[in-house]
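Here are my notes on the model, point by point. Please keep the structure open while you read.

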Amino acid sequence: MFDALTIEAAIGQPAIALNGCENQSEFIQTLNRIKPQNKKFYILFDNDEAGSKAAKQLFDKMKNQYEVAICRWEGAPYKDINEFLQNSQDECIKFLKWQLKAAFYPYALINFAAQYVDFLKSDKFKAISTGFKQLDDVLNGGFVAGNLYVFGAKPSVGKTTFLLQLIDNFLQQGYECVFLSAEMPKEEILTRIFCREYGLKKVNVKVAGFDFYRKLRTSTATQEEMQEFMSVMQDYIMRYAFKLHILEGQRLDEVYYVLDRLQKPILFVDYLQLLQPAKPYQSDKQRVDLIMQELFEIKNKFLIPVVAISSLNRESYDDDDIKAFKESGSIEYGTAAAFLMKRDDDKPIHDDYKGNGYTIKFNCVKNRYGSIGENITMRFWGGIYLFEEIADNDNSL
């Protein structure tokens with residue numbers, strides 16, 4: 001009732017208080033009995049999820065019989081119109097008068113202008129560095145909000161390790177990373193992360209060929225090494241305690257809950273072909289198409305980059321185009337960029353401290369913001385779960 005009185009006092013327009021969203025049916029019955037002519041109705045419920053849902057319900061009940069529109073709360077940080085008036089009278093009156101003009105034209109260009117200016121000024125407009133210079137160069141600066149990026153490779157090329165290193169690069173820049181693992185348990189993911197951190201520490205002090213993952217698996221680590229490892233692990237947890245979020249599962253439902261509570265999130269998925277869509281499907285192609293649709297909805301709703309791993313067709317392991325991706329149709333048309341990761345068949349390069357390293361080529365086969373066909377060359381040190389960029393013709397250490 002106070003909200004209705006606020007509107008009448010602020011702009012002199014008659015207002016109806018439903019006194020609770022549950023009174024919608026009674027209100028509709030009253031309208032049908034009175035049958036008002038040449039009237040426009042503006043729905044302005046509370047500025048929260050329940051209010052938005054109730055407004056849509058009432059709109060759907062009225063739209064076939066009456067001229068009705070939903071007032072949009074974008075940019076107004078108040079729970080209802082009465083609170084708005086109490087805190088900022090001039091802005092509230094301006095807001096209400098604007099609703100009278102624009103509510104029936106929700107998709108008109110003018111409604112997006114202010115929001116677009118805010119977008120230009122925000123961090124979301126800027127490309128986010130991946131932490132790899134060559135990759136940033138190919139992508140014209142890095143990942144862009146509201147886009148999907150896919151990396152594909154056959155097994156044992158280091159796809160998950162590369163994804164985890166990307167995550168670490170973004171964590172260091174202050175972003176919040178959500179990792180949905182459809183394949184590995186979180187214990188394995190954490191082990192790889194902490195072994196990389198510990199391996200880097202040992203390499204930096206010149207410890208020869210250090211592979212702590214193997215020592216963990218074979219219970220051959222010394223007590224001193226275990227203490228050092230635990231110290232590295234605790235330090236990492238302290239730095240990123242509420243920045244890194246790891247989900248296990250094959251559905252995207254829980255992702256919405258997590259992303260809703262974060263300020264600067266980036267979503268990572270490992271991997272596409274293992275996910276199960278919310279809707280029923282009849283073929284593997286349809287399943288991947290539905291998953292891609294869900295990822296599109298997420299990237300657009302939250303305006304964030306989404307990075308996913310994909311498997312390849314067995315018969316296309318040696319191909320160098322988008323068709324190498326398994327069920328490639330929606331990947332070809334829906335991604336901002338797609339890369340094929342391939343291991344060079346030459347013998348591994350040995351480093352006394354990093355162990356054996358393999359040359360991995362990243363071939364860009366789809367690029368919305370740049371050219372395709374550009375190769376990025378990296379060295380993958382499997383013992384410490386680390387990718388390093390190298391010059392394309394660099395076969396040395």
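1. Which side chain makes a polar contact with the side chain of Glu 225? That of Lys 215, at 2.8 Å. A polar contact here is a pair of N or O atoms within 3.5 Å; within protein, one must be able to donate a hydrogen and the other to accept it, and residues adjacent in sequence count only if both atoms are side-chain atoms. The Glu 225 side chain also reaches the backbone nitrogen of Thr 222, at 3.0 Å.

2. A word on the source. This is a predicted model, in which local features need pLDDT of at least 70 and side-chain atom pairs count only at pLDDT 80 or more, while totals for chains, interfaces and linings use all residues. Residues are numbered from 1 along each chain as its sequence is written, and side-chain values use heavy atoms, with hydrogens and water left out.

3. Glu 225 belongs to helix α11. Helices (H or I, at least four residues) and strands (E, at least two) are DSSP runs, numbered from the N terminus. Glu 225 counts as buried because its relative accessibility is 12%. The cut-offs are under 20% relative accessible area for buried, over 50% for exposed, and partly exposed in between (1.4 Å probe, protein chains only). Setting aside neighbours within four places in sequence, Glu 225 is in contact (heavy atoms within 4.5 Å) with Tyr 198, Phe 210, Phe 212 and Lys 215.

4. Now the whole of α11. Its buried residues are Glu 225, Phe 229, Val 232, Met 233, Tyr 236 and Tyr 240. The arc is taken from the directions from the helix axis to the C-beta atoms. An α-helix has 3.6 residues a turn, so residues three or four places apart point the same way. The face turned away from the buried side of α11 carries exposed Gln 223, Glu 224, Gln 227 and Met 238. Cover for the buried residues includes α8 (159-172), α9 (186-204), α10 (212-218) and β5 (244-248).

5. The length of α11 checks out. Its 18 residues (223-240) should span 26 Å at 1.5 Å a residue, and its end C-alpha atoms are 26 Å apart. The expected span is 1.5 Å times one less than the number of residues.

6. Helix α3 (residues 49-62) is also close to expectation: 14 residues reach 20 Å from first C-alpha to last, against 20 Å expected. Gly 51, Ala 54, Ala 55, Leu 58 and Met 62 are buried in α3. They cover an arc of only 105° around the axis, which puts them on the same side of α3. Glu 49 and Lys 53 are exposed on the other side. Among the elements covering the buried residues are α2 (24-34), β1 (40-43) and β2 (67-70). At the start of α3, a side-chain oxygen of Asp 48 comes to within 3.4 Å of the backbone nitrogen of Ala 50.

7. Ser 181 lies in strand β4 (residues 176-181). Is it buried or exposed? Buried, because its relative accessibility is 1%. A polar atom of its side chain lies 2.6 Å from the backbone oxygen of Met 184. Beyond four places in sequence, Ser 181 touches Ile 189, Leu 247, Glu 248, Gly 249 and Asp 270.
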